[in-house]
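I opened my notebook to record what I look up in this structure.

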Amino acid sequence: MTVLLWILGILAVPTVLFALWMARVFVKEYRKELKRASQSPGTEDASEVAEQFGLLPPERQNTDWAAPLPAGWAAALNAARGGDWRPAAKVLHTIGRDWERRSAAVSLFAEQAAEEDAWLLEWETEHPDDPDAAVVRARSTVFLAWKIRGSKRAQYTTREQFEGFHRTLVRSREEIARAAALNPDDPTPYIAEIWVALGLGYPHSEMDKLWAEVTARAPYHYEAHFSALQYWCAKWRGSEQLATGFAERAAAGAPLGSLLTALPLIAHYEHDESEDSAVDRTPEMVARVDAALADAAAADPAHPRLPELRHLLAYYLSLQDRDEAALEQFKLVDGYVNALPWRYRNDMAEYYCTIRDSSAAAVAAAAEPAA
């Protein structure tokens, strides 16, 4: 009996350790929003205050997008889901050489093709050398590879998943090369290859060559920079130092309105291991947020990535107790939550509303007349 108890005790150790690790993750993830919520003045329920500002509850937040899709894109996506490729082709043809919008639209249609590609196969059959169809195909294969891998950490990903992931990424390289050859000025195929570089582990020298191809065509492309920053993060192929250096150089050299001031904020978020918001309130972080505010104000209101920067601004302004400015950004994006920092959470809508509501409560309390 004693031996049996010893065996059971030994077997229980991994479970206990895993439970402790999960508890630590839980505490770390919730500490910031709980701290902000506890600091919110006023006695009214924060969600009720948010409603008074016209803000939506968690169940009415769209978790698919960071913002409403541009005019015509949603209809084209629905048509592709129904098997008709022509509206998607029209969208890409109309966009032309607007590389920011092109890469965003390609990603939208490619993600759908990774789920069901009968409509894309028909497009390719009717127009075998169409560069728009080719770039959607290349991007969709990259999406498919990551779908095969799954979103869990490596230790929770099976060998079969990894083999399928690597095999599909290798296949995508030929499709990417074909798309690039059909439209040599387009940076979009090279942006897709950044995610191949990340997944297959391109050496830094090879990534530098790929990056030169991107910037030769679009030196201040937001999606390209976001993707490259992921490669340079410690969780993938770089380090905190490399990611931060890349982000700061890109932001410093970019024109106002390019949105690349988001990069230092993203690099900070990706490597933030702290358990409170003190690291988000430093003079350096306040300066980064101020630079991003100026960048957002100067940007084209129709820039497809502007809402992503606004989500980041709302988050960090809230953590810095700059609640009026935070609420202004929240109002501009409310209703859509698929963006950093909410995107990494299973409860993204609830997490978004927790941070948002604390700023709304603080603004409402500050507006109340003194007793």
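**Entry 1: a pair in helix H14**

Is Arg288 buried or exposed? I looked it up in this predicted model. Arg288 is buried, with a relative accessible area of 14%. That value falls under the 20% limit, so the word "buried" applies.

Next I checked the partner of Arg288. The side chain of Arg288 meets that of Glu284 in a salt bridge, at 3.2 Å from N to O. Both residues sit in helix H14, which covers residues 283–298. They are four residues apart, or about one turn of the helix. Glu284 is partly exposed, at 48% relative accessible area. I noted the general idea beside this pair: side chains of opposite charge can pair when their charged atoms come close.

**Entry 2: a residue that touches Arg288**

I then followed Arg288 to Thr244. Leaving aside neighbours within four places in sequence, Thr244 is in contact with Ala267 and Arg288. Thr244 belongs to helix H12, residues 240–253. Thr244 has a relative accessible area of 21%, which makes it partly exposed. I also looked up a distance from here. The C-alpha atoms of Thr244 and His271 are 9.3 Å apart, and these residues are separated by 27 residues along the chain.

**Entry 3: a pair in helix H10**

Which residue forms a salt bridge with Arg217? I found Glu213, with the closest N and O atoms 2.8 Å apart. Both lie in helix H10, residues 204–217. They are four residues apart there, so about one helical turn separates them. Arg217 is partly exposed, at 24% relative accessible area. Glu213 is partly exposed too, at 33%.

**Entry 4: a network**

How many salt bridges are there? The count comes to 23. I picked out one more of them, between the side chains of Arg305 and Glu308, at 3.0 Å from N to O. Both of these residues are buried. Arg305 and Glu308 also belong to a network of salt bridges with Arg139 and Glu223.

Arg101 is in helix H5, residues 99–115. At 21% relative accessible area, Arg101 is partly exposed. Leaving aside neighbours within four places in sequence, Arg101 is in contact with Pro70, Trp73, Ile95, Ala302 and Pro304.

**Entry 5: the second largest cavity**

I met Glu308 again here. Glu308 is one of the residues that line the second largest cavity. By class, the lining has six nonpolar, no polar and two charged residues. The volume of this cavity is about 40 Å³. I counted two cavities of 30 Å³ or more.

**Entry 6: the nonpolar cores**

How many residues does the largest nonpolar core have? It has 93. Phe109, Trp119, Trp123, Val136, Tyr316 and Trp342 have the most contacts inside it. Helix H15, residues 306–319, gives the largest share of this core, nine residues. I wrote down the general rule as well: in soluble globular proteins, nonpolar side chains tend to be buried together.

I took Val136 as my example. Not counting residues up to four places away in sequence, Val136 touches Leu92, Val106, Phe109, Ala110, Trp119, Leu120 and Trp123. Another core lies apart from the largest one. This other core has seven residues, among them Leu55, Leu327, Ala360 and Val363.

**Entry 7: a buried glutamine**

Where is Gln329 found? I found it in helix H16, residues 323–333. Gln329 is buried, at 5% relative accessibility. Not counting residues up to four places away in sequence, Gln329 touches Leu293, Arg310, Leu313, Ala314 and Leu317.

**Entry 8: the whole chain**

Last, I stepped back. The chain has 17 helices and zero strands. Of its 371 residues, 49% are buried.

Notes. Residues are numbered from 1 along each chain as its sequence is written. This is a predicted model: local features need pLDDT of at least 70, side-chain atom pairs count only at pLDDT 80 or more; totals for chains, interfaces and linings use all residues. Side-chain values use heavy atoms; hydrogens and water are left out. A salt bridge is a side-chain nitrogen of Lys or Arg within 4 Å of a carboxyl oxygen of Asp or Glu. Helices (H or I, at least four residues) and strands (E, at least two) are DSSP runs, numbered from the N terminus. Buried means under 20% relative accessible area, exposed over 50%, partly exposed in between (1.4 Å probe, protein chains only). A nonpolar core is a set of buried Ala, Val, Leu, Ile, Met, Phe, Trp, Tyr and Cys residues joined through side-chain atoms within 4.5 Å. Contact means heavy atoms within 4.5 Å. On a 1 Å grid over the protein atoms alone, a cavity is a set of points where a 1.4 Å probe fits but cannot get out, and a pocket is an open set with protein on both sides within 12 Å along at least five of seven lines; lining residues have an atom within 4 Å of a point. Grid points are joined across faces, edges and corners, and a volume is the space filled by probe spheres set on the points. Ala, Val, Leu, Ile, Met, Phe, Trp, Tyr, Cys and Pro count as nonpolar, Asp, Glu, Lys and Arg as charged, and the others, Gly among them, as polar.
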